[in-house]
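Me: I have a model here and want to know what stands behind the words used to describe it. Please give the value and the cut-off each time.

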Amino acid sequence: MQVFSWMSESEDQAHAQPQGMDRRALLKSMAAVAAAGTSGWAGSALASEWPVKPVTMVVPFPAGGGTDAFARPFSAQFAKTVGKTLVIDNRGGAGGTLGASIAAKAPADGYNYFMGGTHHVIAPSVYPKLEYDLERDFVPLALLASVPQVVVVNPKKVHHNTIQELVADLKAHPGKYNYASAGAGSSHHLAGELFKIQTKTDITHIPYKGAGPALQDLIAGNVDMLFDGLGSSAQHINSGRIKALMVAGAQRNPAFPDVPCASESGLPDFNVTTWYGLWAPKGTPVPVQKQMLEAVRKIGTEDDIKAAWAKNGAEYGKLSQQQFASMIHSEIQRWAQVVKAAGVKIDS
């Protein structure tokens with residue numbers, strides 16, 4: 001896999017078309033390349049014009065979930081920055097793997113992308129028959145957002161004000177409470193299982209088809225708890241509809257300074273981050289990858305994006321393409337260990 005550092009628009013245009021070649025000669029060369037089934041000048045010519053039509057980004061969860069909290073602002077800013085619409089195609093189901101499978105089969109023409117995340121580095125360990133391989137069938141482009149997980153409860157059903165009080169109740173009454181997730185094998189599910197292992201408690205898992213439906217049922221009082229990315233829960237914590245008892249990791253989140261972190265709550269090893277990244281189908285022209293990477297870089301500098309990310313307690317990704325690829329590989333290995341320890345199995 002080839003990887004790139006950020007390239008300015010002027011630099012990209014300077015490399016997009018060879019000097020001294022008129023349009024007729026260029027078109028003739030492109031036709032010859034296409035007939036040979038290679039990229040070459042064709043990829044460069046495509047990049048010089050990209051995008052000439054709307055771009056599609058598959059979001060593998062229903063609208064209203066954590067991924068949407070970042071996908072929607074990103075889409076809006078993409079249109080302003082690039083000048084073409086970025087269409088969000090929500091394809092929920094199977095813990096995010098259905099949408100990933102659809103995205104993997106999309107044409108690698110520079111107009112199809114995939115916004116996945118933590119769920120998709122967990123999936124290889126819990127789904128025995130995935131129809132795609134995250135590292136083989138996609139080109140990792142960029143980390144878009146990183147946000148800590150948060151333990152949230154319905155205040156009308158769970159009356160505790162601290163995680164210590166909740167854990168004491170869980171130990172005294174095994175099976176009394178349940179927790180929702182975005183689906184079996186999702187980061188919400190694995191965060192819950194990790195919590196159970198570290199606290200030596202018993203909580204019933206209730207899987208949903210996405211964080212959005214899980215969050216709505218928590219708000220409605222149909223479930224007790226949720227291990228969620230702070231991005232999707234933030235607005236509901238602020239409104240008082242749900243209560244945050246703890247954020248994962250070793251420090252409090254600036255957006256919610258009154259919510260204790262895991263380290264100060266007696267769970268120093270509960271370090272779970274929900275992150276979201278951008279991929280392209282394997283075979284997407286290299287010059288277009290560079291164009292998209294430059295668009296991602298520019299989008300991250302805009303005030304609207306900075307405000308949206310800060311509101312959700314998130315950081316905009318700053319990893320290079322190579323670093324993002326390495327992170328994906330290490331995350332797959334990390335979560336495989338958690339899956340094994342928790343004994344999580346999904347027969348599908």
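Reply: Buried means under 20% relative accessible area, exposed means over 50%, and partly exposed lies in between. The model is predicted. In helix α9, the residues that count as buried are S187, H188, H189, L190, A191, G192, E193, L194, F195, K196 and T199.

Me: What makes α9 largely enclosed by the rest of the structure?
Reply: The helix has 13 residues and 11 of them are buried, so α9 is called largely enclosed.

Me: How do you know that the span of α9 agrees with its number of residues?
Reply: The expected span is 1.5 Å times one less than the number of residues. For the 13 residues of α9 (187-199) that comes to 18 Å, and the end C-alpha atoms are 18 Å apart, so the two agree.

Me: What is the phi of K200, which follows α9?
Reply: The phi of K200 is positive, near 55°.

Me: Why is Q321 called buried?
Reply: Its relative accessibility is 2%, and the cut-off for buried is under 20%. Q321 therefore counts as buried. The residue lies in helix α14, which runs over residues 321-342.

Me: What makes the pair Q321 and Q289 a polar contact?
Reply: A polar contact needs a pair of N or O atoms within 3.5 Å, one able to donate a hydrogen and the other to accept it. The side chains of Q321 and Q289 are joined at 3.4 Å, and the pair is listed as a polar contact.

Me: S326 is also in α14. Why is S326 called partly exposed?
Reply: The value for S326 is 39% relative accessibility. Buried would need under 20% and exposed over 50%, so S326 counts as partly exposed. The C-alpha atoms of S326 and P140 are separated by 9.6 Å, although the two residues are 186 apart along the chain.

Me: Why is N178 called buried?
Reply: N178 has a relative accessible area of 17%. Since buried means under 20%, N178 is buried. This residue is in strand β5, residues 178-181.

Me: What does N178 reach or touch?
Reply: Its side chain reaches the backbone nitrogen of D224 at 2.9 Å, where the cut-off for a polar contact is 3.5 Å. Contact in the wider sense means heavy atoms within 4.5 Å. Leaving aside neighbours within four places in sequence, N178 is in contact with I203, T204, I206, V223, D224 and M225.

Me: How do you know that Y127 is buried?
Reply: Y127 is at 9% relative accessibility, to be set against the cut-off of under 20%. Y127 therefore counts as buried. Its place is the loop between α6 and α7 (134-137).

Me: Which residues of α5 are buried, and what covers them?
Reply: In α5 (residues 97-104), T97, G99, A100, S101 and A103 are buried. Their cover includes β1 (55-59), β3 (112-117), α6 (118-126), β4 (138-153) and β9 (273-281).

Me: What makes a space a cavity, and what lines the largest cavity?
Reply: A cavity is a set of points where a 1.4 Å probe fits but cannot get out. Two cavities of 30 Å³ or more are found in the whole structure, and the largest holds about 70 Å³. Its lining has 13 residues, with G66, T67, H119, H188 and A211 nearest the centre. By type the lining residues are four nonpolar, eight polar and one charged.

Me: What is the volume of the largest pocket, and what lines it?
Reply: The volume is about 340 Å³. Of the 17 lining residues, P148, Q251, N253, G313 and E315 lie nearest the centre. They divide into eight nonpolar, seven polar and two charged. The largest share, three residues, comes from β4.

Conventions: Residues numbered from 1 in each chain as written. Predicted model: local features only at pLDDT ≥ 70, side-chain atom pairs only at ≥ 80, totals over all residues. Heavy atoms only, no water. Buried < 20%, exposed > 50% of the residue type's maximum accessible area, 1.4 Å probe, protein only. Helix = DSSP H or I, 4+ residues; strand = E, 2+ residues; numbered from the N terminus. 1 Å grid on protein atoms, 1.4 Å probe; cavity = no way out; pocket = protein on both sides within 12 Å on 5 of 7 lines; lining within 4 Å. Points joined across faces, edges and corners; volume = space filled by probe spheres on them. Nonpolar A, V, L, I, M, F, W, Y, C, P; charged D, E, K, R; others polar.
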